[in-house]
Amino acid sequence: MEHEMRAEYEESGPPRADAPVKIWHMVRLDGAHAMCGRELDPAAATQSAEAWGTPAGEPFCHSCGAMYLREHPQDTG
Ligand SMILES: [Zn+2]
C-alpha cells in the first residue's frame, strides 16, 4: 500500500484529537502532501486507504479521488 488517508480540519493550528474532520485527502505514505496539492499537518489523523469510498472515509476530497483512481483503476471495484 503506497497511500493513506489524512484529515484536513476546520480549525487551523495543531489538530486536537477530537477535532471534527473537514475532509479526507489521499497522501503518499512518505509525506503529508495531498494528491490534490494541499499540504496537510503531519500531526493530522490518518487512516488506511482501504477506507476510501466507504462511510469511514467521508467526506472525501474529490480532487484526490480522481487522481487516486487514475493511479489505481483496479481499486474501483
Ligand atoms: Zn485532496
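Predicted model: local features only at pLDDT ≥ 70, side-chain atom pairs only at ≥ 80, totals over all residues.

A: Trp-52, by contrast, counts as buried, with a relative accessibility of 14%. A pair of aromatic rings is described by the distance of the centres and the angle of the planes. The structure holds two aromatic pairs, and one of them, formed by Trp-52 and Phe-60, is tilted, with 5.3 Å from centre to centre and 50° between the planes. Through ring pairs, Trp-52 and Phe-60 are joined with Tyr-68 in a cluster.

Turning to the sheet, three strands form an open arrangement in the order β2-β1-β3, with antiparallel pairing. Since β2 (21-28) and β3 each have a single partner strand, they stand at the edges, and one side of each is left without a neighbour in the sheet. From one strand to the next the twist averages 30°. Strand β1 (residues 3-9) pairs with β2 over seven bridges in the antiparallel sense, and Ala-7 stands opposite Trp-24 in β2. Helix α1 (residues 62-71) packs on the sheet, where it touches β1 and β2, and its direction makes about 30° with that of β2.

Within strand β3 (residues 46-48) lies Gln-47, which is buried at a relative accessible area of 19%. Beyond its neighbours within four places in sequence, Gln-47 is in contact with residues including Trp-24 and Ala-56, and a polar atom of the Gln-47 side chain lies 3.0 Å from the backbone oxygen of Ala-56.

Terms used
Residues numbered from 1 in each chain as written. Heavy atoms only, no water. Helix = DSSP H or I, 4+ residues; strand = E, 2+ residues; numbered from the N terminus. Buried < 20%, exposed > 50% of the residue type's maximum accessible area, 1.4 Å probe, protein only. Polar contact = N/O pair within 3.5 Å; in protein donor to acceptor, adjacent residues only side chain to side chain. Contact = heavy atoms within 4.5 Å. Phe/Tyr/Trp six-rings, centres within 6.5 Å; stacked < 30°, edge-to-face > 60°. Pairing = 2+ DSSP bridges. Axes fitted to C-alpha atoms, helices over the stretch in contact; angles between N-to-C directions.
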